[in-house]
Structures are given as structure tokens and as C-alpha cells.
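Here is a short briefing to read alongside the model. Please keep the sequence and the 3D view at hand as you go through the topics.

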There are 2 protein chains.
Amino acid sequence: MILVDYFIRRFEPGDWADVWPILRATFAAGDTYTFAPDISEQEARRTWIEEPLATYIACYGEGNIVGTYKLQSNQPGLGSHVCNCGYVVSPAARGKGIASMMCEHSQGEAIRLGFRAMQFNMVVVTNLAAVHLWKKHGFQIVGTLPKAFRHRQLGYVDAHVMFKRLTHGADG
Amino acid sequence: MILVDYFIRRFEPGDWADVWPILRATFAAGDTYTFAPDISEQEARRTWIEEPLATYIACYGEGNIVGTYKLQSNQPGLGSHVCNCGYVVSPAARGKGIASMMCEHSQGEAIRLGFRAMQFNMVVVTNLAAVHLWKKHGFQIVGTLPKAFRHRQLGYVDAHVMFKRLTHGADG
């Protein structure tokens, strides 16, 4: 008997054909990410693959891509020790702990890459699963931006800024 | 007698030679903006002139540039109704109310351009003058990011996220 399991690896160019439909479906829903629901493939590739410092793929078995996340500095220069991540799970693979696995993995990668903290700039308050999950992973709600997200179904809704320190050096 | 006064206008390409030294001096101090203290002229131009939706100039009399600000969406797509501004005043012209004048002007421009709110992503807590000024202009501290700014003199310090709604439509 062969145990087929989930694992995470770096994105490779050949993965895009599987990643794009997952991003497209997620962004089209317009309930979690600010990216335009009708985002072009080129723009999605720029924002998810080209601009981030690193992009990762969650796989189930051989070649079944079920999720992806990106990692990048949240600010340039004097704010570049804080990173930002975005996570997307294939609609067909939700509820299996894949986002949680990616969040855990991303914190390890962030530390490895020298980041000291991780910030989520806009966690839509109606995305209760995400708010709950990030809290479980040690993120705190720093504050709530009033009506900062234009939800495709609900109109203007609030969004949280969430933050987690990853290291506690002697210099703070 | 001719009254010489301050006024604000849109940036024009010929202004760059006067704007760059102001930006360079401000960023080099490393106490307010995340931009690298040794930012290149090309990178400064990209971030201050090319990427923003609009850039403005505060003048004193004819041709004396004393400050500048930029205005842009803070997020793409479903977050693009919230704008972000950055303001810089020439070191020689501080304490004359120029930042206040630019903040007031930027709110009018933001409304004119269709924005519903303005967000400052990182107001360094040790920049007391800025925190005080933005509060005076109706901005609220949404939350405080722990050690999110690497101050050139003080090391890691906290930074506020500040926010002001500019319109109160029937839909929120």
C-alpha cells in the first residue's frame, strides 16, 4: 500500500497551467482577495509569480496541485523585515487543512529567508474561516479597516489587519 | 505690494530636479518612510512619480518647491476605493503648515478622483508631529504594528495604521 500525502514545494514554471484556474476561481468569487474578479491571466501571473519573492505549491500525490501561496516583503527598505503572504486553495480541496499547512510552512520559510514578522493587510471580516485560522496560527488582529473591502455579494465590508511576530531578537 | 503665497499644483516633468533632493534628504534620514535611505534616483522617481496615480507639488511663490505628495490606490480591484498618500516637506520649509496644507488638498483630490477613504499604512510612532497632524485632520489610529519600522537611529519601532473615511454613501 502506498500512502499518498500532501506536500509543499517551490513553484516551477510548468505549474502555471494548474495554478491559474485555482487563482481565477478564487479571485472571481470576489469575497476574499482584492484582485479584480476579472483579472487577466497576465496580471495574475505578475502578482502571484513574478513580483513575490517566492511562490509555493501544495500538492496531493504526484502532480495534483491543490493550493498555492506567495511570500514577499510587505514594505520596501526599512519595513522589509515584515513579510506578507497570500494563500489560495483549490475550491475542490477546501476543508482539508491545506491552508493551515501552507500557513505553517510559510512561517518557516519566512524565518529561513530572514523575516521577523508576517502581516496580512486585508483579511475580510466575513471570511470567518480565515480569521479563525490565522488566529489559531498566532496572528493577532491589529486593527479593523472600516468598509475597506468591496465584497462582490455584500458590498462594502470591514477588513482586519493581522500580524504575527516570528522572532524576538534582543533588539526587539 | 504683491502677496507671495503657497499653492499646490500637479507635478510636471521639469520639477524633478527640485523634487529629488527633497525626497533624498527625507528618505536618507530613515525616520519616517520605509524607502531605503540610500534609494537610487531612478527608484525614487518610480515610486514617487511613475507608479502613483498623481503627484503634486507645493510651491512658495514662483518656482520654489517646498513639498510634494503622491496619491494612489492602496490596494487593487476590490480595495481600490481606498487611497494612500505620502507627503514630504523640504527640510528647510518645515513647521510652516505645508504638510497640513498638502493633507487637506489631498483629501479634496481623493474625493474628486472617486476615492471613499484614505489609509496610511505605516506612520512611525516616534514621528509625533505626523501622528498629531493626521489626527487633527480626522484620521484615526486603526491599529499599531509592533516593531514594523526599522528606524535608522532607534532600531525597531512600532508604526500605526491610520485611516479616514472621506465619504459616507448610503451603501456604507
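Buried means under 20% relative accessible area, exposed over 50%, and partly exposed in between (1.4 Å probe, protein chains only). By that scale A:Glu51, at 49% relative accessibility, counts as partly exposed. This is a predicted model, in which local features need pLDDT of at least 70 and side-chain atom pairs count only at pLDDT 80 or more, while totals for chains, interfaces and linings use all residues. Residues are numbered from 1 along each chain as its sequence is written, chains are lettered from A and ligands numbered from 1 in the order in which they are written, and side-chain values use heavy atoms, with hydrogens and water left out.

**How the two chains are related**

**The interface**

- In contact across the interface (heavy atoms within 4.5 Å) are 32 residues of chain B and 32 residues of chain A.
- Between them, chain B and chain A bury about 2,700 Å², 66% of it on carbon and sulfur atoms; buried area is the accessible area (1.4 Å probe) that two parts lose on being put together, summed over both.
- B:Thr34, B:Leu78 and B:Tyr156 supply 26% of the area that chain B buries against chain A, more than any other three residues.
- The rule finds zero salt bridges between chain B and chain A, a salt bridge being a side-chain nitrogen of Lys or Arg within 4 Å of a carboxyl oxygen of Asp or Glu.

**Salt bridges within the chains**

- Over all chains, the count comes to eleven salt bridges.
- A:Arg46 and A:Glu51 join their side chains in a salt bridge (1.9 Å, N to O), and A:Arg46 is partly exposed at 32% relative accessibility.
- A:Arg112 forms a salt bridge with A:Glu109, with the closest N and O atoms 2.8 Å apart.
- Both A:Arg112 and A:Glu109 lie in helix 3 (residues 98-112) of chain A, three residues apart, about one turn of the helix; helices (H or I, at least four residues) and strands (E, at least two) are DSSP runs, numbered from the N terminus.
- A:Arg112 is exposed, with a relative accessible area of 54%, whereas A:Glu109 is buried at 12%.
- In chain B, B:Arg45 forms a salt bridge with B:Glu50, the closest N and O atoms being 3.8 Å apart.
- B:Arg45 is partly exposed at 25% relative accessible area, and B:Glu50 counts as exposed at 52%.

- A:Asn84 sits in strand 4 (residues 82-89) of chain A and is buried, with a relative accessible area of 10%.
- Leaving aside neighbours within four places in sequence, A:Asn84 has contacts that include A:Lys70, A:Gln119 and A:Asn121.
- A polar atom of the A:Asn84 side chain lies 2.9 Å from the backbone oxygen of A:Gln119.
- B:Ser100, in helix 3 (residues 98-112) of chain B, is buried at 17% relative accessible area.
- Beyond its neighbours within four places in sequence, B:Ser100 is in contact with B:Leu133 and B:His137.
- B:Tyr6 belongs to strand 1 (residues 6-10) of chain B and is partly exposed, with a relative accessible area of 26%.

Key
Polar contact = N/O pair within 3.5 Å; in protein donor to acceptor, adjacent residues only side chain to side chain.
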